[in-house]
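Please find below a short note on the model under review. The points are set out in numbered order.

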Amino acid sequence: MMRILLMICVVAGLAACSGLTKEKLGIAKERPNETLVEKRAPLDLPPEFDLRPVVTKTEK
């Protein structure tokens, strides 16, 4: 019974921690900063993407 009460107190204490304490303990999730995210240009396909490679027959 004492273990369960102790575990409940520990969990409640960790839930009440500030964000800095959670980061130090490794509990908090790291989120990306929206202002630092860079936008990239969309990928382009080469103009001859639909062409099939030429198959050459070799004689044996």
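The points below move from the protein as a whole to individual residues.

1. Basis of the note. This is a predicted model, in which local features need pLDDT of at least 70 and side-chain atom pairs count only at pLDDT 80 or more, while totals for chains, interfaces and linings use all residues. Residues are numbered from 1 along each chain as its sequence is written, and side-chain values use heavy atoms, with hydrogens and water left out.

2. Overall content. The protein has two helices and zero strands; helices (H or I, at least four residues) and strands (E, at least two) are DSSP runs, numbered from the N terminus. Of its 60 residues, 0% count as buried, where buried means under 20% relative accessible area, exposed over 50% and partly exposed in between (1.4 Å probe, protein chains only). The protein exposes about 7,100 Å², of which carbon and sulfur atoms supply 61%; areas come from the Shrake-Rupley method with a 1.4 Å probe.

3. Nonpolar patch. L6, V10, L14, L25 and I27 make a nonpolar surface patch of about 450 Å². Such patches take residues with over 30% relative accessible area and no salt bridge, nonpolar side chains being joined within 5 Å; a salt bridge is a side-chain nitrogen of Lys or Arg within 4 Å of a carboxyl oxygen of Asp or Glu. Helix α1 (residues 2–15) gives the largest share, three residues. V10 lies in α1 and is partly exposed, at 45% relative accessible area.

Key:
Patch = residues over 30% accessible without salt bridge, like charges linked within 9 Å, V, L, I, M, F, W, Y side chains within 5 Å.
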